[in-house]
Amino acid sequence: MVSLFTRRAAGSIAIAGAIAFCIDAPAPAQAQSSVKIGYAVSRTGPNAGGAAVTTIPNYELWVKEVNAAGGLKLGDKRVPIEVVQYDDRSSAEEAARALERLINQDKVDFILPPWGTGLNLAVGPILHRAGYPHIAGTAVTDRAPELAKRWPNSFWLLGTSAGAAESLVELLVKLRGEGKIGDSVAMTSIADGFGIDLSSAARPALTKAKFKLVYDKSYPIGTQDLAPIINEIKGLNPDVYISFSYPPDTLAITEQSRIAGFNPKIFYTGVGTAFPLYKQRFGANAEGVMGIGGWDGDSPAIKTYLAKHKEANGGKEPDRWASAVTYAGLQMLQQAIERVGKIDRAAVIKELQSGSFDTVIGPVKLVNNLPTQYWWVGQWQNGEFYGIGPASNHGAKAAVVPKPAWKAQ
Amino acid sequence: MTNAILTGLMLGGMYALVAMGLTLQYGVARIMNLSYGEFLVAAAFAAHWLFTAWALSPFVGLAFVIPVSFGVSYAIYRILLTPLVRRAPNRDALEVDSILATFGLMFVVQGILLTVFGGAYYSYSFLAVPITVLGETLALNRMVALALAVIAGSALYLALTRTRIGTAIRAVAVDPSSARLVAIDVTQMSALAFALGGAMVAAAGVLVSMFLTFSATTGVVFTMKALIVVVMGGIGNLLGCLIAGLALGLSEALVATYVDPGLTLAVNYALFLGVLLIKPAGLFGRAQR
Amino acid sequence: MIGAPVAIPLALAAVAGLAAVPFVVDAYYLALAISLLQFTVLSTAWGLFSGPTRYISLATAAFFGIGAYTVAVLGELLPWPLVLAIAGIIGVLTAAVVGFSTLRLSGVYFVIFTFGLAELIRQLVVWYEVNKSRVLGRYVFADITQTDIYWQLLALAVVTFVIGWAIARSRLGFALRIIGEDETVAQHCGINTTVAKVALFTVSATIMTIAGAIMAPRWTYIEPSIAFNAMISFQVVIMALLGGAHRLWGPVLGAIPMTLLFEFLSARFPSTFTIIMGVVFLLIVYALPRGVIGLLQRLANRPTKRSEAIS
């Protein structure tokens, strides 16, 4: 029968294809004519938006830069980087499989991690089992210290959500002490791991610091109209508005607040505030908006990094939070490999654990696999998203309060 | 309360606008088009490009996007979907087949968008001006979207009820074999309806791009919303589509204001399921068996 | 077909062979084998219900997610076998509720309903987590290796096939065959069609739930968006339909080539995977010449009962 034949044909083709890719498996690399670096990032799926800004441009910039200088310095020769990459399609299962493929089939020397908390956690055990260094630059997890202990090969550069919330509250306390704001705070969060973690950490911190939480709700991912929420909050007239949001809703909340004329003294939105897209979309209205992230925008290292990033990525700017951290992680990896002088993953891991590194975000020496300094609060000032908190960070600027009123666009 | 209701109406208007094309495609051509949202996003990208690269307002963009998508949808129906139509033994089989085929189409369109635009978020601001209505401040672009939804819906309704072609299309929606008996070219009418649906979703895409952030992968969200509105309103029924859209929008806004914003989408689905359980063919639908 | 005395030892040998796989392959192939088993279980379970009743269900993601999420919540609190059992029970209850309320819907409405079901459950889980437990992402650090997962899936696959075989030979199976032919006739024969359909739906859904629970430890961190992934529903449908949902062994014949194909495309064409997969889907749909229902009817060698193009 035709249909049965077609099914058999389809089946045979698929099996033939499977055999073909088994036979076609690449031969193991010869004595270091290139360093094979593999990664699986989310080019498609819900994570693609974040990966497209933070991870992919940095990985490509780094490889381009290293190879332009001849490659990684192993001993006294320079060996170019060869990249093997896959698309994890924003799925934990795909990411896990892609990494197994990189480790067992492609036999890469080093692996760069995927984007986001969920995927980094999904591949954590795999990288640990196979002994690869795991430098996670886009994962925010409260269990970072525990993970670092469980997987000593893993390095969690972006910190914990408790850190984010507490730094923010610290800043608010300081500003209240200076008489710039009152006690009333409205808080919204996206109903996703990130938003919930941050609001769960912020809530007790705010209460302990004697702030009044006049509005405290979360909304589902995919909410397309935040007007009811913003309108209600406006009516409560809080001094501080905090929104632990993702890029689509960060933009929507800002837009809606502008339209409704909602001008709290402090306006803080979550992921996406630090994206160049935010500045492009709102222009002068971005002035004074606070958000998660930030960097030392005046430092020469950052300025050079910004220029290089734009040049290598067709004018695209990095985001002002995890981009620089991701790139710093790559620099650390490079320095560790070059110090060890050969492809010895265990030695590289040791070096990452104990060494001091010179990166775009300043000197970095990890303690228990975690950094000692994070940028948690930034603010758009004069067209740049400067880090303002923790205030003790090197290069932290003073906060500008109150936020200037929204202008017509 | 006024605020919640007005916001709800605008949101509902947007849902109805987005869903109108699908009710045509499904109600008449019997194609359960899972790639529907991708066409909306493609139109949004087109509007974005026209706005940022050529400084053309989305309203001007409509003039380009609508005919192009009409043509593309017509071609898709003729080339891709007609073989399915021809071989389906009955309408149920066609529906199921079209689900699977348009699922494949969804991947193809999404893949093309990803290749061209990447996975990044796109957004632009147009007509995001506050205007005061009944003492409440609303966004002008959303109001315009609602107004255009009403205009488009009315125009469509008039076209379907007062013109010959419109009546022919409705005849095909009711009973294709009988329609054939009165010399209506069913294939042609179905293709027309499908193309018209494609034009409508492109218009919706251009309009919502004024105030929503989108990326190559956000198409599925729109497809699901449209499906819910269409099925809840009764397949092929424009009025049902409008009412269902408004109901969903209002419920979302009211729940967000008075209950908990976290339950908005759950209430949406619950409403949808509830309607189906009470009236299995949708609010205004006709029982199919 | 092969007679029982030959089939059973053959089957046992096959199972034993499969069980030895983790000892001979590396981690990548083991991961691939896990994937193959996962889709075998899911598509066969899907076929258990959708084959005889001709209802296309897109609820796979909902039940798979329930299983995974149960592990996420209870995985660190209770012993593993108990967690699996609880996941199964939750699956049964949910399936029964869903089944009784929705099996009155016909054709496409059922499809769309099940499509929305995964989303609804996800939204409810999220809301509950956000407002009651205040924790959304859960960490699963169960001491379970890849090999354990593989063996559990293998056991579940065997159980699924045994259940399918048992149902086919039972009164329930007989009733379902009549229902599949013509539901009105079945009702006239005194068969309680609703109970039969719900029973089958429940069995199918529970297997999917347990499969989800078994797979959960692979991902370490589980959020509702990770557990409830709608893609899986569509993948399972297309695999089962490719293989032929009307026979117990049909879906496997679709699941294995499709999984291998996805893997091949992921590895070889990472940047154009989406487009190519879409084209492949389209090819498969067109290669089933008489349409899905037509194919089911034709290969089942039964005359077409439903009237044709009229209405």
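Predicted model: local features only at pLDDT ≥ 70, side-chain atom pairs only at ≥ 80, totals over all residues.
Reader: Why is the pair of F45(B) and F214(B) called edge-to-face?

Author: The ring centres of F45(B) and F214(B) lie 5.1 Å apart, with 85° between the planes. Rings pair if their centres lie within 6.5 Å, and planes over 60 degrees apart count as edge-to-face. The two rings therefore form an edge-to-face pair.

Reader: What makes this a pair that ties together parts of chain B?

Author: F45(B) belongs to helix α2 (residues 36-54), whereas F214(B) lies in the loop between α8 (186-208) and α9 (219-233), so the pair joins parts that are 169 residues apart in sequence.

Reader: Are F45(B) and F214(B) buried or exposed, and how do you know?

Author: Buried means under 20% relative accessible area. F45(B) has 1% relative accessibility and therefore counts as buried. F214(B), at 3%, counts as buried too.

Reader: Why is the pair of F49(C) and Y55(C) called tilted?

Author: The centres of these rings are 6.2 Å apart and their planes stand at 40°. Planes under 30 degrees apart count as stacked and those over 60 as edge-to-face, with the rest tilted; the pair of F49(C) and Y55(C) is therefore tilted. As to burial, F49(C) has a relative accessible area of 1% and is buried, and Y55(C), at 13%, also counts as buried.

Reader: Which residues of chain A do ring pairs link into a cluster?

Author: The cluster consists of F194(A), Y246(A), W321(A), Y374(A) and W376(A).

Reader: What makes K403(A) a residue whose charged end sits over a ring?

Author: The charged end of K403(A) is 3.4 Å from the centre of the ring of W406(A) and sits over that ring. The distance limit is within 6 Å of the ring centre. In chain B, the charged end of R30(B) sits over the ring of Y26(B), at 5.4 Å from its centre.

Reader: Why is chain B called as compact as a globular protein of its length?

Author: The radius of gyration of chain B is 19 Å, and the globule rule gives 19 Å for 289 residues; the two values are close, so chain B is as compact as a globular protein of that length. Its C-alpha trace spans about 55 × 45 × 35 Å along the principal axes, and 62% of its residues count as buried.

Reader: What is the secondary structure of chain B?

Author: Chain B has 11 helices and two strands. From the N terminus on, its elements run α-α-α-α-β-β-α-α-α-α-α-α-α.

Definitions and conventions: Residues numbered from 1 in each chain as written. Chains lettered and ligands numbered in written order. Heavy atoms only, no water. Phe/Tyr/Trp six-rings, centres within 6.5 Å; stacked < 30°, edge-to-face > 60°. Helix = DSSP H or I, 4+ residues; strand = E, 2+ residues; numbered from the N terminus. Buried < 20%, exposed > 50% of the residue type's maximum accessible area, 1.4 Å probe, protein only. Lys NZ or Arg CZ within 6 Å of the ring centre and 35° of its normal. Rg over C-alpha atoms; globule rule 2.2 N^0.38 Å.
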